[in-house]
Amino acid sequence: MTRIPTTLRHLLRHHLGAATRGTALALAATAALLAQPLAHAAEKFTYITNWYAEAEHGGFYQAQATGLYAKAGLDVTLKMGGPQVNMMQLMMAGQADCIMGFDVQTIQAWEKGIQAVTVAAAFQKDPVVMIAHPDVKQFEQLKSRTLLVGSAGQVTYWPWLKTKYGFTDAQMKPYNFSIQPFLADKNIAQQGYLASEPFSIERESKIKPSVFMLSDLGWPPYAMTVVCSTQTIQKRPRQVAAFVKASMEGWKSYLTGDPKPGNALIKKDNPNMTDDLLAYGISSIRQQGAVLGGDAARYGIGIITDERMKQTYDLLVQHKLLDPAKVDVKKTYTTQFVKDLKVMP
């Protein structure tokens, strides 16, 4: 039987008159139900990734597929980026709450007056790699090779490679996102992504190329970050915190549990994605400790530190890719959403 609060019983006794006891109980139960606070509806939250759906986005899709976002009170929309998508512009225009970012881009955005802030880093290591033919055993051997580098790489890691390893602009040619020149010429090495081009090269040529991850050579930026506008952080801090926590829990589930739910959503968004490429991507991410290694092993998935952000900032200043007079590095990121998160691998 429904327990009726004393106050309601008193009101019923004096104001319902001839109403039957059963009717009174029903009305009391209804009144008690209406008096309870209504459950909050899930709050909409939009996140744009940096490319077509792939294993490097797996933790976000896993959080969506396994209900982690819903459990956090969020109705999340994951939108794919791509070569023609200006994510930063869309975010600043209010078309997204946060985007998948990259430290170099986010820090440089402040020089243009764009107030974008890194709040978490899914990847402790930037997955960009240089790929060479199997006869290349040491990275320094690439000084005698032709290197294919994309336009973005030419204004990010290429100046650093020239300074650190003595590469020259004369040996660099534009990368057009095709592996055919590499396959046709053993003197060519090319850029790539850890979980993408090496797989394609192995499948097409049946050879296992030499793969050098730039982060293992000292390249400091984080990758697959969560970047939000200062306005979003100020107006929706609870939602940002919920999104970050659920996303990092999604990465843990994706890499240490069953990734099938996330993979199913990835393939739904990107029908060109195959099971074998996803499996290769997950294996590579695990082996390299891109998400679960580094500082994440000590402080939790998604961690960002002052030291790492300063390393990237100093590198950009050193290579004249940033005007330090225009950018305060401490404004370009915040640790408030990850310092106590501790989603341990």
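**Entry 1: strand 10**

Is strand 10 largely enclosed by the rest of the structure or exposed, and how many of its residues are buried? I looked this up in what is a predicted model, where local features need pLDDT of at least 70, side-chain atom pairs count only at pLDDT 80 or more, and totals for chains, interfaces and linings use all residues. Residues are numbered from 1 along each chain as its sequence is written, and side-chain values use heavy atoms, with hydrogens and water left out.

I found that 7 of the 7 residues of strand 10 are buried, so this strand is largely enclosed by the rest of the structure. I noted the cut-offs: buried means under 20% relative accessible area, exposed means over 50%, and partly exposed lies in between (1.4 Å probe, protein chains only). Helices (H or I, at least four residues) and strands (E, at least two) are DSSP runs, numbered from the N terminus.

**Entry 2: confidence**

I checked pLDDT, the predictor's confidence in each residue, from 0 to 100. The protein averages 90, and 88% of the residues score at least 70. Over residues 1–39, pLDDT stays under 50. For that stretch the model has 15 contacts beyond four places in sequence. A contact means heavy atoms within 4.5 Å. I remind myself that where pLDDT is low, the predicted coordinates should not be read in detail.

I traced an open sheet of 5 strands with the order 2-1-3-10-4 and mixed pairing. Two strands pair if DSSP finds at least two bridges between them. Strand 2 (74–79) and strand 4 (116–123) are the edge strands, each pairing on one side only. The twist averages 25° from one strand to the next.

Then I went through the pairs. Strand 1 (residues 43–48) runs parallel to strand 2, over 6 bridges. There, Phe45 has Val76 in strand 2 as its bridge partner. Strand 3 (residues 98–101) pairs with strand 10 in the antiparallel sense, over 4 bridges. Strand 4 and strand 10 also run antiparallel, joined by 6 bridges.

Which residue of strand 10 is the bridge partner of Gly101? I found Thr225. Ala121 stands opposite Thr225 in strand 10 too.

Helix 12 lies across strand 1, strand 2, strand 4 and strand 10 (223–229). Helix 12 runs at about 20° to strand 4. Axes are lines fitted to C-alpha atoms, for helices over the stretch in contact, and angles run from 0 to 180 degrees between N-to-C directions.

**Entry 3: cores**

I looked for nonpolar cores. Each is a set of buried Ala, Val, Leu, Ile, Met, Phe, Trp, Tyr and Cys residues joined through side-chain atoms within 4.5 Å. The largest has 84 residues. Phe60, Val119, Phe139, Leu214, Val226, Val244 and Trp251 have the most contacts inside it. Helix 12 (residues 237–256) gives the most to this core, with 9 residues. A second, separate core of 10 residues includes Ile131, Leu194, Ile201 and Met213.

Helix 3 is mostly covered, with 6 of its 8 residues buried. Phe60 and Tyr61 are among the buried ones. Gly67 follows helix 3 and has a positive phi, near 80°.

I traced another open sheet of 5 strands, with the order 7-6-8-5-9 and mixed pairing. Its edge strands are strand 7 (172–174) and strand 9. Neighbouring strands are turned by 30° against each other on average, direction ignored. Strand 6 (residues 146–149) runs parallel to strand 7, over 3 bridges. Val149 stands opposite Pro174 in strand 7.

Helix 10 (residues 197–205) lies across strand 5 (128–132), strand 8 (188–193) and strand 9. Its angle to strand 8 is about 125°.

Ser210 is in strand 9 (residues 210–213). Ser210 counts as buried, at 14% relative accessibility. The side chain of Ser210 reaches the backbone oxygen of His133 at 3.5 Å.

**Entry 4: Ile107**

Last, I looked at Ile107 in helix 6 (residues 103–111). Ile107 is buried, with a relative accessible area of 0%. Ile107 and Met309 are 202 residues apart along the chain, yet their C-alpha atoms are separated by 9.4 Å. Ile107 touches Met309, and also Thr312, Leu316 and Val327, among others.

How values were computed
A polar contact is a pair of N or O atoms within 3.5 Å; within protein, one must be able to donate a hydrogen and the other to accept it, and residues adjacent in sequence count only if both atoms are side-chain atoms.
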